[in-house]
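User: Could you walk me through this entry one feature at a time? For each, I would like the general idea and then the case at hand.

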Amino acid sequence: QVPYTVSSKSPTAVAINAAAKTGEWIKTRLGNHKELNTKLSPQDLVTDVDKGAELMIRKLILTHFPDHEFLGEEGIQPGPEASAEALASYEDAEYLWIVDPIDGTTNFVQGFPGFCVSIALAHHGKVIVGVIYDPVRDELFVAEKGKGAYMHGNPTRVSGDKDLASSVMAIGFNPERDFALPLNMKGIEALATRTRSLRAVGSAALHLAYVAAGRMSGYYEVGLNSWDIAAGTLLVQESGGKVTDTKGNPYHLGVRHMLATNGLIHQELQQVIEQAGATGL
Ligand code: 2AM
Ligand code: CA
Ligand code: CA
Ligand code: CA
């Protein structure tokens, strides 16, 4: 059982405490962020709360693990090139924390539920801890490599849906208009007629947590970043599901175009995305 606030100094305990504490603070700032800026496009938002939350998490983690590396969304320049460069610069890191302080900033800004803190720890490039905390719904998801995944201490398990026709799937409207959005629209069009229904919560990390918890059976999106999905992929895997790139190759930290499923619908999903010309690869 994973307790809520943990006194141990294990990386998992430190990640849980950082996510819970920062999430609570983010919730107190809901509806009263001070700065609202755009990054590369008018759809790409950032607030003082995103930046403050990242600094808080960084401090809470590095106090315990001063020799670990830290990659956070708000600590680097926006855009896929800068993300890839940052990730490559940590290639040789023994321990690397990968953090999205608010995944779902648009929802946060609108006062709409559907945002979370996402914290992952990678050891030599493999994710070993994943923590996702949704402060509005007070849902805490925790995964440890080889030890399972939990929501508030209860094991999570992917759904048993055997085909797309009986599956509710997550999709995303990635705001990057030149490359990602047209591909996602193609994939969404193909999936809309083949699935039971589609949902776009607006947070990649929550989509993965929901696949892990069996609330949805799969997730497809092109144009993601390591901090959106690192924690969530471990949740899905440790809940019995499967995560690959859109071609079906195994997940690694550099994957930006992803499929995450209960395992049972993975091949069917991959074929539909492939046939739709929506892999981005
Ligand atoms: P964010 O809220 O941390 O920015 C919504 O479809 C998902 O897309 C969220 O996980 C959101 O993360 C992410 N997102 C927002 N802007 C993006 C961008 N310019 N490129 C890639 N992903 C983005
Ligand atoms: Ca962002
Ligand atoms: Ca994000
Ligand atoms: Ca973010």
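**Reading the strands**

Analyst: Let's start with one pair: Glu221 stands opposite Met258 in β14. Before going on, note that this is a predicted model, where local features need pLDDT of at least 70, side-chain atom pairs count only at pLDDT 80 or more, and totals for chains, interfaces and linings use all residues. Residues are numbered from 1 along each chain as its sequence is written, while chains are lettered from A and ligands numbered from 1 in the order in which they are written.

User: How many bridges join β12 to strand β14, and in which sense do they run?

Analyst: In general, strands of a sheet pair through backbone hydrogen bonds, either parallel or antiparallel. Here β12 and β14 (residues 258–261) are antiparallel and joined by four bridges. With strand β10 (residues 168–171), β12 pairs in the parallel sense over three bridges, and Met169 has Gly218 as its bridge partner. Strands are DSSP runs of E, at least two residues long, and helices are runs of H or I of at least four, both numbered from the N terminus. Two strands pair if DSSP finds at least two bridges between them.

User: Which residues of strand β12 are buried on its two faces?

Analyst: In a regular strand the side chains alternate between the two faces of the sheet. For β12 (residues 218–221), Gly218 and Tyr220 are buried on one side, and Tyr219 and Glu221 are buried on the other. Buried means 20 or more other C-beta atoms within 10 Å of the residue's own, exposed means 12 or fewer, and partly exposed lies in between, with C-beta atoms placed from the backbone.

User: What is the phi of His124?

Analyst: Most residues other than glycine have a negative phi, and most peptide bonds are trans. His124 has a positive phi of about 45°. This residue sits in the loop between β5 (116–123) and β6 (126–134), and His124 is exposed, with 11 other C-beta atoms within 10 Å. His152 likewise has a positive phi of about 45°; His152 is in the loop between β8 and β9 and, with 14 C-beta neighbours inside 10 Å, is partly exposed.

User: Which domains does the assignment give?

Analyst: Domain bounds come from an automatic or database domain assignment. In this protein they are domain 1 (11–155) and domain 2 (164–275), with C-alpha centres 19 Å apart.

User: Where does ligand 1 lie?

Analyst: Both domains give residues to the shell around ligand 1, so the ligand lies between them. A residue is near a molecule if its C-beta atom, placed from the backbone, lies within 6 Å of it. The shell has 18 residues, and the closest are Asp44, Asp103, Thr105, Gly172 and Ala204. By class, four are nonpolar, eight polar and six charged. Ala, Val, Leu, Ile, Met, Phe, Trp, Tyr, Cys and Pro count as nonpolar, Asp, Glu, Lys and Arg as charged, and the others, Gly among them, as polar.

User: What does the secondary structure of the protein come to?

Analyst: There are eight helices and 14 strands. The radius of gyration is 17 Å, close to the 19 Å from the globule rule for 281 residues, so the protein is as compact as a globular protein of that length. That radius is taken over C-alpha atoms, and the rule is 2.2 Å times the number of residues to the power 0.38. Buried residues make up 49% of the 281.
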